Amino acid sequence: MRGLSQWLQLVALMCLAVPAWAQFRVEVTGVGMTQLPVVIVPFKGEAQVVQKISSIVQADLERSGQFKGLPPGSVQLDEMSRPDWTVWRQLSAEALLAGSVMRLADGRLDIRARLWDAVKGQEKSDFRETVVPADLRLSAHRIADWVYQQLTGGQGAFATRIAYVTKSSGRYTLWIADSDGEGAKAALSSPEPVISPSWAPSGTHLAYVSFESRKPVVYVHELASGQRRAVANFKGSNSAPTWAPDGRSLVATLSRDGGSQLFRIDLNGGELRKLTQTGSINTEPVFSPDGSTLFFVSDRGGSPQIYRMPSQGGPAERVTFAGSYNISPALSPDGRWLAYVARGGSSFRLHLMDLNTGQVTSLTDTSADERPSFAPNSRLLVYATVHQGQEALMTTTLDGRIKARLSGQGGDIREPHWGPLRK
């Protein structure tokens, strides 16, 4: 259901029409205000391994919107080379990355890289790690994070994961993939709908809603073991789980007492705590980063709008005022931004609010956006939409200038949620 999110899933629990795929391609479009020109030379030895490290790193950096990849031409370099700076300065390159990958006797891969300041002609930093072949892509994402940090001073978020849901041949699948959509692995497959995946702060568990009992039930799923348990299986509907920042509790929408109210669920077996008591629908809760505030959607004013209140319950304050239909709130980990979906006419579009000033920006020109989620460094958003007539998973920079489409050959993706930084 495009643009309906948890709001109308709660009102009318309809099925997700989402064929699955496990491989993606990345298409980056748009031009940023300022982009650092970088040259990423093919790594020595990468032709002999499954994944091309240099291509993964370049795609990561370009997707961030802060870098412009320059063509390396036919030059061959590795981390031990002494580059001819005249060549790179003629291209106006500001940074140069080269490296190597070598298979060791035990089958592991030795990966090395060096980053240079092309303007000064000086080395900036070195990278080295040894990984099993299955972690080659993860190592490439770590290199991208390292380059990002060296050149911007900020935390990269490429070596993270996303969760999303698909439907194919009558089965719903919950996938875990790299931040670029590649390397997807199924965490759960069910003949009944699975919705609302939500990452635990630790990155080790997911909460989600499954209809396998012919009603919505909230589960917590341990990814490493595949073990899971029902944490909200009360009378009526159990939906829209979100984790508290300390990972010890969830807030979800329950209709056990009539209506749709927010409840705090102690994962160690404590009693439920009712947080709202109104005659309206209250759903899609999300915590502020410090855990002190809950943002949520309610129609208490006559139409769906985003509100906030103390996380232990209390008076609610309306946050969104532009437009008559605003849903799917997402808070940036740095606490500055609120992303949400607003309906204008028949279109559902992604918007961003600066919580310090209240200024709102429309980030997209598509018409069926749903469920935004921030990268853990607060610099990108992932969301689902229809792009050029096809269902797609997208990322966008916070100014809306750089978008990347992560998609397969036809099909559909829903319910994306970006995981935390890996420990």
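These points go through a predicted model, taking its pockets, salt bridges and a few single residues in turn.

1. The largest pocket. About 850 Å³ of space lies in the largest pocket. Its lining is made up of 37 residues, and those nearest the centre are Trp 199, Thr 242, Phe 287, Leu 331 and His 417. By residue type, the lining divides into 23 nonpolar, 11 polar and 3 charged residues.

2. The second largest pocket. The space in the second largest pocket comes to about 570 Å³. It has 24 lining residues, of which Ala 134, Asp 178, Gly 183, Lys 185 and Arg 422 lie nearest its centre. Helix H4 (136-152), strand E8 (171-178) and strand E9 (185-190) are the elements that give two or more residues to this lining. The lining of the second largest pocket holds 13 nonpolar, 4 polar and 7 charged residues.

3. Salt bridges in general. How many salt bridges are there in the model? The count comes to 19. Among them are the pairs described in the next points, and there is also a network of salt bridges that links Asp 110, Arg 112 and Arg 128.

4. Asp 180 and Arg 137. The side chains of Asp 180 and Arg 137 meet in a salt bridge, with 2.3 Å from N to O. Asp 180 sits in the loop between E8 and E9, while Arg 137 belongs to helix H4, so the pair links distant parts of the chain, 43 residues apart. Are these two residues buried or exposed? Both Asp 180 and Arg 137 are buried.

5. Arg 336 and Asp 354. A salt bridge also joins the side chains of Arg 336 and Asp 354, at 3.2 Å from N to O. Arg 336 lies in the loop between E22 and strand E23 (337-344) and Asp 354 in strand E24 (residues 347-354), so the pair ties together parts that are 18 residues apart in sequence. Arg 336 counts as partly exposed because its relative accessibility is 38%. Asp 354, in contrast, is buried, because its relative accessible area is 9%, and the cut-off for buried is under 20%.

6. Arg 414 and Glu 370. In the salt bridge between Arg 414 and Glu 370, the closest N and O atoms are 3.8 Å apart. Arg 414 is in strand E30 and Glu 370 in strand E26; the pair links distant parts of the chain, 44 residues apart. Arg 414 is buried, and Glu 370 is buried too.

7. Two serines with positive phi. Ser 196 has a positive phi of about 60°, although it is not a glycine. Ser 196 is part of strand E10. With 3% relative accessibility, Ser 196 counts as buried. Ser 378 is another residue other than glycine with a positive phi, in this case near 70°. Where does Ser 378 lie? Ser 378 is found in the loop between E26 and strand E27 (380-387). Why does Ser 378 count as buried? Ser 378 is buried because its relative accessible area is 3%, and buried means under 20%.

8. Helix H2. Which residues of helix H2 (residues 53-63) are buried? They are Ile 53, Ser 54, Ile 56, Val 57, Asp 60, Leu 61 and Arg 63. An α-helix has 3.6 residues a turn, so residues three or four places apart point the same way. The buried residues include Ile 53, Ile 56, Val 57, Asp 60 and Leu 61, and a reader can check their spacing in the structure above. Just after H2, Gly 65 takes a positive phi of about 85°.

9. Lys 423. Lys 423 lies in the segment after E30. Lys 423 counts as exposed because its relative accessibility is 83%, and the cut-off for exposed is over 50%. Leaving aside neighbours within four places in sequence, Lys 423 is in contact with Pro 201 and Ser 202. The C-alpha atoms of Lys 423 and Gly 203 are separated by 8.3 Å, although these residues are 220 residues apart along the chain.

Definitions and conventions:
Residues are numbered from 1 along each chain as its sequence is written. This is a predicted model: local features need pLDDT of at least 70, side-chain atom pairs count only at pLDDT 80 or more; totals for chains, interfaces and linings use all residues. Side-chain values use heavy atoms; hydrogens and water are left out. Buried means under 20% relative accessible area, exposed over 50%, partly exposed in between (1.4 Å probe, protein chains only). Helices (H or I, at least four residues) and strands (E, at least two) are DSSP runs, numbered from the N terminus. On a 1 Å grid over the protein atoms alone, a cavity is a set of points where a 1.4 Å probe fits but cannot get out, and a pocket is an open set with protein on both sides within 12 Å along at least five of seven lines; lining residues have an atom within 4 Å of a point. Grid points are joined across faces, edges and corners, and a volume is the space filled by probe spheres set on the points. Ala, Val, Leu, Ile, Met, Phe, Trp, Tyr, Cys and Pro count as nonpolar, Asp, Glu, Lys and Arg as charged, and the others, Gly among them, as polar. A salt bridge is a side-chain nitrogen of Lys or Arg within 4 Å of a carboxyl oxygen of Asp or Glu. Contact means heavy atoms within 4.5 Å.
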